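Here are my notes on the model, as numbered points. Please read them with the sequence and the structure open.

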Amino acid sequence: MSWLDGDEDDDFDEFDDEARFKVRPNPKANRPRTKRRPAHEDAEIGRVLGVDRGRYAVLVGENTPDEHAITAARARELRRTPIVTGDLARVVGDTSGDEGTLGRIVGIVERSSLLRRSADDTDQVERVIVANADQMLIVVAAADPEPRERLVDRYLVAALDAGIRPLLVVTKTDLADPSAFLSHFDGLDLQVFTSARDVMPLDEIGAALIGHSTVFVGHSGVGKSTLVNALVPSAQRATGHVNQVTGRGRHTSSSTVSLRYRSPEGSGWVIDTPGVRSFGLGHVNPENILAAFTELAEIAEDCPRGCTHLPDAADCALNDALANGELGETGAARLDSVQRLLQTFGDRR
């Protein structure tokens, strides 16, 4: 008799887990949860102009006859994704822009750049300022408040880290001569504009804005909002004054917004940001710092591998150039600025 004959299989029923497995009823009769999301192939692409208490102003149909702004909310699946001014968002729902309507942001187009800052140099938690900008206009005052070279250095480093071209405008030149301040940046690849109370180079600055998305940054009280209002008359950005006791400006712009610059020659985007008194670089890769200072970076190519470029670094080409008087007074001051930043990162590690 074959061992397969008969009812021997019945003897193994007690070991058959599948035969004893019971399916739990689904009391809510709902479908199992899934991570698959709708494709939203019909989503429109819009530019995020600003954010206010969880609502996003988004421009859809940009550069078409149907261009208009809508209000949108963030989709639940994006609750952990930062959405900032300058982002190109994928929007669905009611995008008519009619009063009381609300679209829904379901995705973000890959960003070309991301400008960030941290609270201080020891804080590696980054604060996203703006997305997709390709220029940074740094605004400083020749006086009232006094210009801060090291703050501008920090802006330059942040711009380079984000892959953004820096520009510089010095306001209030009717109050003081900015020549000494500007000498600190001699040799850098930096376009500079100067502005006085009654003589603002709006045409020159405007020409640099055409075809670009330019983020305006600066210390409070330097006249940044005044410049924005002059370039974009419809902006109506609040302006303030400088405290005569502390020498500090009062924060007037409380949010980051994108504004359309228009001229007969073309248009561009002005992204105005709140004034800041500090600009932490805790998120920046220290290796990128030297690259913001073109002539120093060229000298540093002769440094040994792994050189810290700090004052006590052995065989550092930068320190050798300083000792030999090859940097001059301006170069020496710039190297001191770089080394202070590098030392900050060294302490952090």
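1. Among contacts in the protein between residues at least 6 apart in sequence, 65% join residues at least 24 apart; contact means heavy atoms within 4.5 Å. This is a predicted model, in which local features need pLDDT of at least 70 and side-chain atom pairs count only at pLDDT 80 or more, while totals for chains, interfaces and linings use all residues. Residues are numbered from 1 along each chain as its sequence is written, and side-chain values use heavy atoms, with hydrogens and water left out.

2. The protein has eight helices and 13 strands. Helices (H or I, at least four residues) and strands (E, at least two) are DSSP runs, numbered from the N terminus. Of the 349 residues, 44% are buried. Buried means under 20% relative accessible area, exposed means over 50%, and partly exposed is in between (1.4 Å probe, protein chains only).

3. Helix H2 covers residues 149–162. Its 14 residues reach 20 Å from the first C-alpha to the last, close to the 20 Å expected at 1.5 Å a residue; the expected span is 1.5 Å times one less than the number of residues. Eleven of the 14 residues in H2 are buried, among them Asp153, Arg154 and Asp161. Just after H2, Gly163 has a positive phi of about 75 degrees.

4. The largest nonpolar core has 49 residues, of which Leu115, Met136, Ile138 and Leu168 touch the most other members. H2 gives the most to this core, with eight residues. A nonpolar core is a set of buried Ala, Val, Leu, Ile, Met, Phe, Trp, Tyr and Cys residues joined through side-chain atoms within 4.5 Å. A second, separate core of 20 residues includes Leu137, Ala208, Leu209 and Ala235. Not counting residues up to four places away in sequence, Leu168 touches residues including Leu137, Ile138, Phe181 and Phe193.

5. How do helices H4 (residues 202–209) and H5 (residues 224–231) cross? Their axes come within 11 Å and cross at roughly 80 degrees. Axes are lines fitted to C-alpha atoms, for helices over the stretch in contact, and angles run from 0 to 180 degrees between N-to-C directions. H4 and H5 are therefore roughly perpendicular (under 35 degrees counts as roughly parallel, over 145 as roughly antiparallel, 65 to 115 as roughly perpendicular and the rest as oblique). Leu202, Ile205, Gly206 and Leu209 in H4 meet Leu227, Ala230 and Leu231 in H5. The residues of this contact divide into six nonpolar, one polar and no charged. Ala, Val, Leu, Ile, Met, Phe, Trp, Tyr, Cys and Pro count as nonpolar, Asp, Glu, Lys and Arg as charged, and the others, Gly among them, as polar.

6. Two arginines deserve a look. Arg47, in strand S1 (residues 44–52), is buried at 13% relative accessible area. Its contacts, not counting residues up to four places away in sequence, include Glu62, Asp87 and Trp269. Arg148, in the loop between strand S8 (135–141) and H2, is partly exposed at 37%.

7. Most residues other than glycine have a negative phi, and most peptide bonds are trans. Asp144 and Pro145 are joined by a cis peptide bond, with omega about 5 degrees. Asn63 has phi near 65 degrees and is exposed at 63% relative accessible area. Phi of Lys172 is near 60 degrees, and this residue counts as buried at 19% relative accessibility.
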